[in-house]
Amino acid sequence: MKHAENISSIKALQAWRAIPQHLRDKLVRNVFCGRCLNAVEIVDYSIRQEKHALLLTGKCRTCSQPVARVVESD
Ligand SMILES: [Zn+2]
C-alpha cells in the first residue's frame, strides 16, 4: 500500500508540474478559505491524484486553517 501511495503522489506531482507555472501560481493564490471567507493563498500544500483531478491540501496563508483545492486535470 505504501508503495502504491508513493507512486500516485509522484504521478500527482508530475501532473502538477505539467501545468504552466503562471497557471499554478494563479491556482495556489485563489483557494477559498472557510474562515477568512475569501480567496487566499494555500501554503505547505501536498498534491494527490484523484480520479479526474488533482487535489491540493494545505493551509491558509492568512489564518493557517486547513484548506483544499481541486484542480481538474482533464
Ligand atoms: Zn484563512
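The model is predicted: local features need pLDDT of at least 70, side-chain atom pairs count only at pLDDT 80 or more, and totals for chains, interfaces and linings use all residues. Residues are numbered from 1 along each chain as its sequence is written, and side-chain values use heavy atoms, with hydrogens and water left out.

**Overall fold**

- The protein chain contains two helices and five strands, where helices (H or I, at least four residues) and strands (E, at least two) are DSSP runs numbered from the N terminus.
- Along the sequence, these elements of the protein chain follow the pattern α-α-β-β-β-β-β.
- The radius of gyration of the protein chain is 13 Å, close to the 11 Å that the globule rule gives for 74 residues, so the chain is as compact as a globular protein of that length. The radius is taken over C-alpha atoms, and the globule rule is 2.2 Å times the number of residues to the power 0.38.
- Taken along the principal axes, the C-alpha atoms of the protein chain fill a box of roughly 35 × 25 × 20 Å.
- Of the contacts in the protein chain between residues at least 6 apart in sequence, 33% join residues at least 24 apart; contact means heavy atoms within 4.5 Å.
- The protein chain has an accessible surface of about 5400 Å², and 52% of this belongs to carbon and sulfur atoms. Accessible areas come from the Shrake-Rupley method with a 1.4 Å probe, and for residues only the protein chains shown count as cover.

**Zinc site**

- Cys33 (SG), Cys36 (SG), Cys60 (SG) and Cys63 (SG) coordinate the zinc ion at 2.2 to 2.3 Å. Donors are N, O and S atoms within 2.8 Å of the metal (3.2 Å for Na, K and Ca); water is not among the atoms, so sites may look incomplete.
- The angles subtended by the four donor atoms around the zinc ion are 105 to 112°, which makes the arrangement tetrahedral. Four donors count as tetrahedral if all angles lie between 85 and 135 degrees.
- Along the chain, the donors of the zinc ion have the spacing C-x2-C-x23-C-x2-C.
- Cys33 belongs to strand 1 (residues 31–33) and Cys60 to strand 4 (residues 53–60), so the pair ties together parts that are 27 residues apart in sequence.
- Cys33 and Cys60 are both buried.

**Aromatic pair**

- Rings of Phe, Tyr and Trp (its six-membered ring) pair if their centres lie within 6.5 Å; planes under 30 degrees apart count as stacked, over 60 as edge-to-face and the rest as tilted. By this rule the count is one aromatic pair.
- The pair is formed by Trp16 and Tyr45 and is edge-to-face, at 6.1 Å centre to centre with 80° between the planes.
- Trp16 is in helix 1 (residues 2–18) and Tyr45 in strand 3 (residues 42–49), so the pair ties together parts that are 29 residues apart in sequence.
- Trp16 is buried at 4% relative accessibility, whereas Tyr45 is partly exposed with a relative accessible area of 32%.

**Positive phi values**

- Most residues other than glycine have a negative phi.
- Leu37 has a positive phi, near 55°. Leu37 is in the loop between strand 1 and strand 2 (38–40) and is exposed at 62% relative accessibility.
- Ser64 also has a positive phi, near 70°. Ser64 is in the loop between strand 4 and strand 5 (66–72) and is partly exposed, with a relative accessible area of 45%.

**Other residues**

- Val43 is in strand 3 and is partly exposed, with a relative accessible area of 23%.
- Not counting residues up to four places away in sequence, Val43 touches Gly58, Lys59, Cys60 and Arg61. The C-alpha atoms of Val43 and Arg61 are separated by 5.7 Å, and the two residues are 18 apart along the chain.
- Ile19 is in the loop between helix 1 and helix 2 (21–28) and is buried at 16% relative accessibility.
- Not counting residues up to four places away in sequence, Ile19 touches Arg24, Leu54 and Val71. Ile19 and Arg35 are 16 residues apart in sequence and 28 Å apart in space, C-alpha to C-alpha.
- Ile10 is in helix 1 and is partly exposed, with a relative accessible area of 47%. The C-alpha atoms of Ile10 and Arg48, 38 residues apart along the chain, are separated by 8.8 Å.

Key: Buried < 20%, exposed > 50% of the residue type's maximum accessible area, 1.4 Å probe, protein only. Tetrahedral: all angles 85-135°; square planar, octahedral: opposite > 155°, others 65-115°.
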